[in-house]
Amino acid sequence: MKKNIVTIVGARPQFVKAAPVSRALSPDFNEILIHTGQHYDYGMSEVFFREMEMRSPDFNLGIGGGSHGEQTGRMLIEVEKTLAAVHADCVLVYGDTNSTLAGALAAAKAGIQLAHVESGLRSYNRAMPEEINRVLTDHVSNFLFCPTDVAVENLAKEGITDGIFQVGDVMYDALLHNLSLARQRSQVLTQLGLKKGDYALATVHRAANTDDPQRLLSLLDAFRSLPTRIVFPVHPRTRGLIERLGWKPAPNILLLEPLGYFDILIMQENANCILTDSGGMQKESYLLGVRCITLREETEWVETVSAGWNKLVGVDKSAILDAFTSWHPSSGQLPLYGDGHSSEKIREILVEKLQNGKW
Ligand code: UD1
């Protein structure tokens, strides 16, 4: 009989990561999909399910908004109830959001095997809510699926050495599966009247950059001063602060609603530069061969920096301007994130350990 895997997702990047893994698992496992509701706007959630042809969640817990503690606590209560109502042989969580931590705690407290995809990432900045979510999730996981060797080393430093599997990065699987579809289906460049290389793509959503008006204003001021058009799809929390500040975009800045996965891939592939505080986009820009200027002081994706394709600049205007005008990657890309078959490797490990009982 097939074992039951309960997948817990809630935020935009988790839909991207879960899609290839769910596809790989489907012949061997019954998957029960829980959406916590952390992201709930059409453009932050449903569009990803449609584009990647994911089936609708079996449970949508409808828990979006609120403070971090409240959001995580409400998710824990509802995920625990849902796990009690289904038979779960294993719970699968992704990344580092509040949905990840709530799912991990619910599984651990119910004594259910827990698998963490994108395990071992560290920024070593405990002020980031995501860092707390990563550390705690890793410490209660049974299967730690790491995307890189650095992630494996980070876990070893914390004394975690069992249940670790370096499988590569499932976001690379997702990118390979979807890029040609995106090229066929996305009309975004035509719609916006853009051509390859004539704009930079910017995104900003991290709490550190959106809860502090001075940091956000510094970024907006830097964007205004760059000698290029800037296309800036705006996350709802960032839009909220921009509106509260009464900031009006400069002529070179185009503010957009959040983009779906196909459009954001095309916008990244054709940009002259990516300016972002997103983790996923640091990797995607590397994989697509577009330079990335990261609007943070540190990153979990350190190999993109040492490979020379990512520059950490924080929010300082002159550092951003300097990086944009005088820095270009000088070498090619190495295969840092696996071979595009990470989801398949996860399936094989879970079949062996759960299905065949070799655990
Ligand atoms: C979350 C993750 C972050 C991840 C990001 C991806 C945590 C701690 N953070 O940040 O790691 O990189 O998702 O995008 O889990 N909102 C809407 N509509 C939506 C979603 C959110 O209006 O569809 C609003 C919320 O009500 C809230 C704000 O945006 O006021 C922030 O949303 P939240 O889910 O708390 O965190 P993110 O900033 O999206």
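Two strands count as paired here if DSSP finds at least two bridges between them; helices (H or I, at least four residues) and strands (E, at least two) are DSSP runs, numbered from the N terminus. The model in these views is predicted, so local features need pLDDT of at least 70 and side-chain atom pairs count only at pLDDT 80 or more, while totals for chains, interfaces and linings use all residues. Residues are numbered from 1 along each chain as its sequence is written, and side-chain values use heavy atoms, with hydrogens and water left out.

Let's start with β5 (residues 113-117), which runs parallel to β6 and is joined to it by three bridges. Ala-115 stands opposite Phe-143 of β6. From β5 the chain passes through α5 to β6 in a right-handed β-α-β crossover; right-handed means that, with the strands pointing away from the viewer, the path from the first strand over the helix to the second runs clockwise. β7 also pairs with β6 in the parallel sense, over three bridges, and here Leu-144 faces Ile-164. Phe-143 and Phe-145 point one way from β6, Leu-144 and Cys-146 point the other way, and all are buried (under 20% relative accessible area, with exposed over 50% and partly exposed in between, for a 1.4 Å probe and protein chains only).

**View B. Helix α6 and its buried face.**
Here you can follow β6, α6 and β7 as a right-handed β-α-β unit. Which residues of helix α6 (residues 149-157) are buried? They are Ala-151, Asn-154 and Leu-155. Seen down the axis of α6, these buried residues fall within an arc of 100°, so they line one face of the helix; the arc is that of the directions from the helix axis to the C-beta atoms. The buried residues of α6 pack against α5 (129-139), β6 (143-146) and β7 (164-166), where contact means heavy atoms within 4.5 Å. Just after α6, look for Gly-159, which has a positive phi of about 80°.

Cys-90 is buried, with a relative accessible area of 0%, and Cys-146 is buried with a relative accessible area of 0%.

**View D. The open sheet of six strands.**
The strand order is β10-β9-β8-β11-β12-β13, with parallel pairing. β10 (253-256) and β13 (310-312) stand at the edges with a single partner strand each, so one side of each has no neighbour in the sheet. Neighbouring strands are turned by 20° against each other on average, direction ignored.

Strand β8 (residues 199-203) runs parallel to β11 (residues 273-276), and four bridges join them. Ala-200 has Cys-273 as its bridge partner, and Thr-203 stands opposite Thr-276. Thr-276 is also the bridge partner of Thr-294 in β12, a strand that runs parallel to β11 and is joined to it by three bridges. Both faces of β11 are covered, with Cys-273 and Leu-275 buried on one side and Ile-274 and Thr-276 buried on the other. Helix α13 (residues 279-288) lies across β8, β11, β12 (292-294) and β13, running at about 165° to β11. Axes are lines fitted to C-alpha atoms, for helices over the stretch in contact, and angles run from 0 to 180 degrees between N-to-C directions. Together, β11, α13 and β12 make a right-handed β-α-β unit.
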